[in-house]
Amino acid sequence: MGALFGSLSAVYLMDVIGRKASLLAFSVMSLFIGLTLMMAASQIWQLHTGRFLLGLGAGLEITICPVYIHEICRPALRDICGSFPQVFICLLYTSPR
């Protein structure tokens, strides 16, 4: 659920405060707070809230990263560099463990 809300709100955040600021401020902070809350959890609602915040941060990152990379890369490298986040996510989840 958090990733759904994160990816939908990322479009609005990118336009309002910019790509880099929304990536640093909202994505990194929600991941940090979510992980901290899950590590220090003593009740079930803290685990659920931490998991929601982790999903929110992941949804923001997966939406904002390719757009930000496309904006900072040279035109000749935009296609290759812009696909790196999705390629590495696919490699992460399909690699043998």
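Is glycine 18 buried, partly exposed or exposed? Select glycine 18 and you will find a residue that is partly exposed, with a relative accessible area of 22%, where buried means under 20% relative accessible area, exposed means over 50%, and partly exposed lies in between, using a 1.4 Å probe and protein chains only. Glycine 18 sits in the loop between α1 and α2, and its C-alpha atom is separated by 12 Å from that of cysteine 65, which is 47 residues apart from it along the chain.

Before going on, please keep in mind that this is a predicted model, in which local features need pLDDT of at least 70 and side-chain atom pairs count only at pLDDT 80 or more, while totals for chains, interfaces and linings use all residues. Residues are numbered from 1 along each chain as its sequence is written, and side-chain values use heavy atoms, with hydrogens and water left out.

**The whole protein**

The C-alpha trace spans about 50 × 40 × 20 Å along its principal axes. Of the 97 residues, 27% count as buried. If a contact means heavy atoms within 4.5 Å, then residues 24 or more positions apart account for 58% of the contacts with a separation of 6 or more.

Next, select residues 19-39, which form helix α2. This helix has 21 residues and reaches 29 Å from its first C-alpha to its last, close to the 30 Å expected at 1.5 Å a residue, the expected span being 1.5 Å times one less than the number of residues. Colour Ser22, Leu23, Ser27, Ser30 and Gly34, which are the buried residues of α2; what covers them includes α1 and α3.

Stay with leucine 23, which touches Val28, Glu61, Ile64, Cys65 and Tyr68 when residues up to four places away in sequence are not counted.

Move along to glycine 59, which lies in helix α3 and, at 2% relative accessibility, counts as buried. Leaving aside its neighbours within four places in sequence, glycine 59 is in contact with Ala3, Gly6 and Ser7. If you draw a distance from the C-alpha of glycine 59 to that of leucine 23, the two are 11 Å apart in space, although 36 residues separate them in sequence.

**The charged network**

Which residues are linked in a network of salt bridges? Select Asp15, Arg19 and Glu71, and show their side chains, for these are the linked residues. A salt bridge is a side-chain nitrogen of Lys or Arg within 4 Å of a carboxyl oxygen of Asp or Glu, and a search of the whole structure finds 2 of them. Side chains of opposite charge can pair when their charged atoms come close.

The side chains of aspartate 15 and arginine 19 meet at 3.7 Å, N to O, while the closest N and O atoms of arginine 19 and glutamate 71 are 2.8 Å apart. Arginine 19 lies in helix α2 and glutamate 71 in helix α3, so this pair ties together parts that are 52 residues apart in sequence. Aspartate 15 counts as exposed at 59% relative accessibility, whereas arginine 19 is partly exposed at 22% and glutamate 71 is partly exposed at 45%.

Finally, show the surface and select Leu77, Ile80, Phe84, Val87, Phe88 and Leu91, which make a nonpolar patch of about 550 Å². Such a patch joins nonpolar side chains (Val, Leu, Ile, Met, Phe, Trp, Tyr) within 5 Å, from residues with over 30% relative accessible area and no salt bridge; like charges are joined within 9 Å. Accessible areas come from the Shrake-Rupley method with a 1.4 Å probe, and for residues only the protein chains shown count as cover. Helix α5 (residues 84-94) provides the largest share of the patch, 4 residues, and isoleucine 80 lies in helix α4 (residues 78-82).

Terms used:
Helices (H or I, at least four residues) and strands (E, at least two) are DSSP runs, numbered from the N terminus.
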